[in-house]
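Here is a short report on one protein. Look at the structure first, then read on.

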Amino acid sequence: MNITESERLFEKILSNRAISHTKITESTIRTPDYEVVLGDVKSYWEIKELNENPSEKQIIDNVESGTAEIYSIDSDRASRSIDTASRQLRGYGNAGNICIIALYDARDFCTKDFLFEMHIKSLIVGTAEYMQAKDGTFKEIKRNNGRLSGDKKYISAIVVIYKTTSELVFYHNPYTTNKIVHEDFFTISVSYTHLRAHETCAD
């Protein structure tokens, strides 16, 4: 069975914490990548790895040749990865299971998104638009829903995988119908953020 760098790192992190996990065999129907068991609670994980696309590889070539400096790449690809992962998890999530999307940015430093975590938060809770009043105060006039509201409420959380520190960082989905309440989940995370449905995040 072929295994990606992100899957290898994910398995290493769980194994180091003695957490039971099983790679799910691919089939003709959509399935997640892993089943993880904590205590008596099962959860299902889809791992998405972001590698350089052709335009990002060209950026690296430009940097290495000295014709360009380091770029900061936007996170549109993270949004697409979340959409793809959600489809793999839909059947399990609609059945009431905890479903988690894990993202691993394997791109070269030259094409890293320096606001990756902030963008993940925005994708979850959405963004707001404000109007400044004459007295200088700001009032929210429009709320743009996050990607995990609506038909993706079955997604329990998004996790970011970090290679250098072998860490998993959780971002809880405030809209989810499959809440993570089992205390054992805290043992696999160095950071567990409960976002609010109306939390303001930068675009």
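## Salt bridges and rings

E5 and K163 form a salt bridge, with their closest N and O atoms 3.1 Å apart. This is a predicted model. The pair links distant parts of the chain: E5 is in helix 1, and K163 is in the loop between strand 7 (157-162) and strand 8. The two residues are 158 residues apart. E5 is partly exposed, at a relative accessible area of 29%.

Side chains of opposite charge can pair when their charged atoms come close. The structure holds seven salt bridges. The table lists some of them.

| Salt bridge | N to O distance |
|---|---|
| E5 and K163 | 3.1 Å |
| E7 and K23 | 3.5 Å |
| D83 and R147 | 2.3 Å |

Take E7 and K23 next. Their side chains meet in a salt bridge of 3.5 Å, N to O. This pair also links distant parts of the chain: E7 belongs to helix 1, and K23 to strand 1 (residues 20-23). They are 16 residues apart. Are these two residues buried or exposed? E7 has a relative accessible area of 7%, so E7 is buried. K23 has a relative accessible area of 17%, so K23 is buried as well.

K23 has another contact to look at. Its charged end sits over the ring of Y34, 5.4 Å from the ring centre.

Now turn to D83 and R147. Their salt bridge brings the closest N and O atoms to 2.3 Å. D83 lies in helix 3 (residues 76-94), and R147 lies in the loop between strand 6 (138-144) and strand 7, so the pair ties together parts that are 64 residues apart in sequence. D83 is buried, with a relative accessible area of 16%. R147 counts as partly exposed, at 34% relative accessibility. Salt bridges that share partners join D83, R147, D151 and K152 into one network.

## The aromatic rings

A pair of aromatic rings is described by the distance of the centres and the angle of the planes. The structure holds four aromatic pairs. One of them is F10 with W45, a tilted pair. Its ring centres are 5.1 Å apart, and the planes make an angle of 45°. F10 sits in helix 1 (residues 5-16), while W45 sits in strand 3 (residues 41-50). The pair links distant parts of the chain, 35 residues apart. F10 is buried, at a relative accessible area of 0%. W45 is buried too, also with a value of 0%.

W45 lies in strand 3 and F170 in strand 8 (residues 167-172), so the pair ties together parts that are 125 residues apart in sequence. Both W45 and F170 are buried. Which residues form one aromatic cluster? They are F10, Y34, W45 and F170.

## The whole chain

From the N terminus on, the elements run α-β-β-β-α-α-β-α-β-β-β-β-β. The protein has 203 residues, and 48% of them count as buried. The protein exposes about 10700 Å². Carbon and sulfur atoms supply 49% of that area. Of the contacts with a separation of 6 or more, 59% are between residues 24 or more positions apart.

Notes. Residues are numbered from 1 along each chain as its sequence is written. This is a predicted model: local features need pLDDT of at least 70, side-chain atom pairs count only at pLDDT 80 or more; totals for chains, interfaces and linings use all residues. Side-chain values use heavy atoms; hydrogens and water are left out. Helices (H or I, at least four residues) and strands (E, at least two) are DSSP runs, numbered from the N terminus. Buried means under 20% relative accessible area, exposed over 50%, partly exposed in between (1.4 Å probe, protein chains only). Contact means heavy atoms within 4.5 Å. Accessible areas come from the Shrake-Rupley method with a 1.4 Å probe; for residues, only the protein chains shown count as cover. Rings of Phe, Tyr and Trp (its six-membered ring) pair if their centres lie within 6.5 Å; planes under 30 degrees apart count as stacked, over 60 as edge-to-face and the rest as tilted. A charge sits over a ring if NZ of Lys or CZ of Arg is within 6 Å of the ring centre and within 35 degrees of the ring normal. A salt bridge is a side-chain nitrogen of Lys or Arg within 4 Å of a carboxyl oxygen of Asp or Glu.
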